[in-house]
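Take a look at the model below and keep the viewer open while you read. We'll go through it chain by chain, with the cut-offs spelled out along the way.

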Amino acid sequence: MKPRHKRLAFIVGGLVAIAIAATLVLKALEGNLAYFFSPSDIVANKAPVDHTMRLGGLVKKGTVKREGLTVRFDVTDNAETVSVSYTGILPDLFQEGQGVVAQGRMRSDGVFHAEEVLAKHDETYMPPEVAAALEKAEQANSSVAQPAL
Amino acid sequence: MIPEIGHFALITALSVALLLGILPIAGTVLRIPAWVAVARPAAYALFLFVATAFGCLVYAFVQNDFSVLYVALHSNSALPIQYRVAAVWGGHEGSLLLWILMLSGWATAVALFSRHLSPAMAARVLGVMGLICVGFLLFILFTSNPFERLFPAAVDGRDLNPLLQDFGLVIHPPMLYMGYVGFSVAFAFAIAALIGGKLDAAWARWSRPWTTVAWVFLTIGIGLGSWWAYYELGWGGWWFWDPVENASFMPWLAGTALIHSLAVTEKRGGFRSWTVLLAILAFSLSLLGTFLVRSGVLTSVHAFATDPERGLFILIFLGVVIGGALLLYAWRAPRVGLGGGFNAFSRETMLLINNVLLVVALGVVLLGTLFPLVVDAFVALNIIEPAKISVGEPYFNSMFLLPMIPLLLLMSIGPYVRWKQGNAGELIKQLRTSFIISIVLAVALPFLMGEISLMVSVGLFLAAWLMLSILQGVGSRIAQEIKRGKSAITALLGLPNGYLGMQVAHFGLAVIVAGITLVKGYEVEQDVRMEVGDTLTMSGYTFRFDGVMSTTGPNYRANRGMIQVIKDGKDLMVLEPEKRIYNVQSMPMTEAAIDYGFTRDLYISLGDPLSGGAWSVRVYYKPFIGWLWGGCGFLAIGGFLAMSDRRYRIAARKQQARMASIADGRAVVDNNIATEASS
Amino acid sequence: MIRFIAPLAVFIGIAVFLLIGLDLNPRNVPSPLIDKAAPAFQLSQLHQPEKTFSRSDMAGKVWLLNVWASWCVSCRAEHPLLIALAKQNIVPIYGLNYKDKRTDAIRWLRQLGNPYVLSAQDVEGKVGFDYGVYGVPETYLIDQNGTIRYKQIGPVTRKALDETIIPLIKKLKLES
């Protein structure tokens, strides 16, 4: 082969390799995307049945029921509600009335079967229980602040 | 008063950084030696002022000065003193200050240890670092001042997030930042070379040890972070492909590629423009990580308090630094040249493939990390239907593996291949035995474990072959020396540190691969409901639940479970996982109990109380998981060995001697500037 | 030549996505309540607990409902903006004092100023729950028909006020 042909073969080979790699990566990406749905979306049948997805909302108060290791609770966006079933240990920050994201599948029985439950907590934008500390601080504030004024 | 001194020190640092960023580089262009000479003292002064500011913040934390907003938000008078110090970098503002402290620290280190650099080169390197410092100081002063006062002052603070009250987290961020920021040195060297238009083996020899040190710190930082996630989060997971983890992993991949490409530039003068690009890439990815973590464009469990204004600032900064660097690259790199040619089968080719595979892996991680952002952007532009997505772990796991398998195979072969022109026949002869032994091991071991899977065999083969080829390589070099009459120990110690470092680091990777393979293949996990007296048997161990008692810590209350571990009828130990409630934030926390071992960890975490006095308990048997972090240790030791190689010191000394022989330093400055400006 | 410019092009591409992404807040969970009727409530007033305040009192008006609490740090951050907004007389601001103690709340307002026409006490957070409050602060813009037109998650920012909230208020007032 002449050097020029060699170079051409190199480039073509490289391009083919890149194309194959890109296809593989995109295929894998597509197969592993989890879409995020709200209870309203699910009730409106916007979400596919039996496909991995994420469901987000608030844990409805008074709906958390345990039966052995299986926990059932309702997730709501204040408009619609979806029942969730999860077997295992819930994360530390899981609480009634708090935000939750569940990853799993919607089954034909109308229950969302979660494989993973995430409860998140945010620093600035925080749930009241997390910020109880400042209550104490604020109470004494007036006495400290007055001399400074 | 003290916080105001800190604030003032930061403002002073900004003006010093401006001086450092402008004068020396301008001096090299305008040929004013006095300006060029400003670089070193300015670097020292910058560090001094930033350290003063940092000291003031530490003081405010130690003294519980809750009139400082940042202290009030991240500390509490009941917080133990070591965590009060660590709380300095427990939030956005303080961790940013730590960033800047390290950046100025690196600049000072460069100023101290690069006496052999030509004054013009040193001026450019330090000047670039000064400019980066300017950006960060502007950022902290205008959007994230840690010294902001709270009026009226709080009586007590909101406390440090309990997840962060842990030894691992005390040292994890400093290590990580040392790595991130350390790449700024390699970046500055690359930019300096582009400006100067001179890029040769000497340049590579200068920037190589710096890159390696930064890489070592980043390795330790990532390892610690993963270990912390493992024992602190209570799920027994050690890598989640979370955006923030990816943000630290991407610069690591780029840095690893850079170390290898620098080897070619140093030894053979090749890959020059590619090396420069990688140096820019490694630091750019560090900055991108900062942006992703702090701007809130991606949601993550780790995300700091976010603020779009901050995000915009970092993005502009990112645009200036990375865009500017790449523009300079597009303009100047064609002059830098490509370096000498080499044969298709040579060490150079091996390292080229190494680089390609690492960059592919990097691309996979980058795509997975940014994809949700791309979808959001398309939604915002009304191109696609509204949707919120996340990229699942299986994508990362499977796609990352694809380039890793050939990479590991090449690692076994690469060090045996000669520079410029390798010899395939000789190679096969050398590696045949270890190859066969590894295959046998990879097939036999799963049989002994009682469970066969292709992935386990592949992983074991790769790890075993890599380990054997390393041992054989080091062994044969020692054998040569012994033939020459040296003792085994002097022969081992006589090996060049650069070579030894590479082999130790590669060995570390083999250990990690073995650990991941075995823990993924053979870990056992069970969530169970346990009443007092209940037992669970798993992998030869029996766990008996002896109930839960209440206990208190310095700033928390806890339920402590007692689980008796029994093996072969004998009581082995009691594991005590806790469920803690931290008083101030009333935040629940799971504290797992772990029995660490060389071949396995036993890992228990306490779930929730169930009806009838029972608790949910999570029990893991994790074989060889400790190898992951042990391997990280090897990587770090290997890196330290490599950078302590004699040749860096000898080269430095030679250079110094040459400089000293020229009597007038000023003449050298003028000379250098003249020659480099004319080139 | 192209190979030396390609990295710059790739970076510019990524930067554009980052810039667009910056404008979006990934925490903005689409609220199902937007463009729906604001849930009805009747609560006692903070300063005069014997009086009540209900959604129907506001029929025919454009108003802001700001969820706040004395324990909330971010509320301190947005407070000056609310006070400035109240002085401009563009829109009446009503407070929903969320899961708070009455004495703390009153003292907090005395110290930092009171931008609210009045605040309603939601001690147990039931009304907040109906409104889908994920955390504090949150702010709702409600129109003449009692429909929620906008929801600010987290503290109100200068940008949100100038670019979204105030223009929307002006538009709503013109419509009537």
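In which sense, parallel or antiparallel, do β5(A) and strand β7 (residues 112-118) of chain A pair? They pair in the parallel sense, over 3 bridges. Before going on, some housekeeping: this is a predicted model, where local features need pLDDT of at least 70 and side-chain atom pairs count only at pLDDT 80 or more, while totals for chains, interfaces and linings use all residues. Residues are numbered from 1 along each chain as its sequence is written, chains are lettered from A and ligands numbered from 1 in the order in which they are written, and side-chain values use heavy atoms, with hydrogens and water left out.

Helices (H or I, at least four residues) and strands (E, at least two) are DSSP runs numbered from the N terminus, and two strands pair if DSSP finds at least two bridges between them. Strands of a sheet pair through backbone hydrogen bonds, either parallel or antiparallel.

Chain C has an open sheet of 5 strands in the order β5-β4-β3-β6-β7, and the pairing is mixed. Its edges are β5 (118-122) and β7 (148-153) of chain C, each pairing on one side only. On average, neighbouring strands of this sheet are turned by 20° against each other, direction ignored; axes here are lines fitted to C-alpha atoms, for helices over the stretch in contact, and angles run from 0 to 180 degrees between N-to-C directions. Helix α5 (residues 158-175) of chain C lies across β3 (63-68), β6 and β7 of chain C, and runs at about 165° to β7(C).

Now for chain B, with its 21 helices and 11 strands. Of its 679 residues, 60% count as buried (under 20% relative accessible area; exposed is over 50%, partly exposed in between, with a 1.4 Å probe and protein chains only). Take the contacts in chain B with a separation of 6 or more: residues 24 or more positions apart account for 73% of them, where contact means heavy atoms within 4.5 Å. The accessible surface of chain B comes to about 26100 Å², and 66% of that belongs to carbon and sulfur atoms.

Next, the charges. Over all chains, the structure holds 24 salt bridges (a side-chain nitrogen of Lys or Arg within 4 Å of a carboxyl oxygen of Asp or Glu). K486(B) forms one with E481(B), the closest N and O atoms being 3.1 Å apart. K486(B) counts as partly exposed at 40% relative accessibility, whereas E481(B), at 16%, counts as buried. R529(B) and E531(B) meet at 3.0 Å, N to O; R529(B) is partly exposed at 32%, and E531(B) is partly exposed at 34%. For R600(B) and D595(B) the N to O distance is 2.9 Å, and both residues are buried. There is also a network of salt bridges linking R560(B), E576(B), E578(B), R580(B) and E591(B).

Finally, the rings. A search of the whole structure finds 39 aromatic pairs over all chains. Rings of Phe, Tyr and Trp (its six-membered ring) pair if their centres lie within 6.5 Å; planes under 30 degrees apart count as stacked, over 60 as edge-to-face and the rest as tilted. F139(B) and F313(B) form a stacked pair, 5.1 Å centre to centre with 20° between the planes. F139(B) lies in helix α7 (residues 119-143) of chain B and F313(B) in helix α12 (residues 308-336) of chain B, so the pair ties together parts that are 174 residues apart in sequence. F139(B) is buried at 2% relative accessibility, while F313(B) is partly exposed at 24%. In another pair, the rings of Y541(B) and Y621(B) have their centres 6.2 Å apart and their planes at 40°, so this pair is tilted. Both tyrosines, Y541(B) and Y621(B), are buried.

Definitions and conventions
Areas by Shrake-Rupley, 256 points an atom, 1.4 Å probe, with all protein chains shown as cover.
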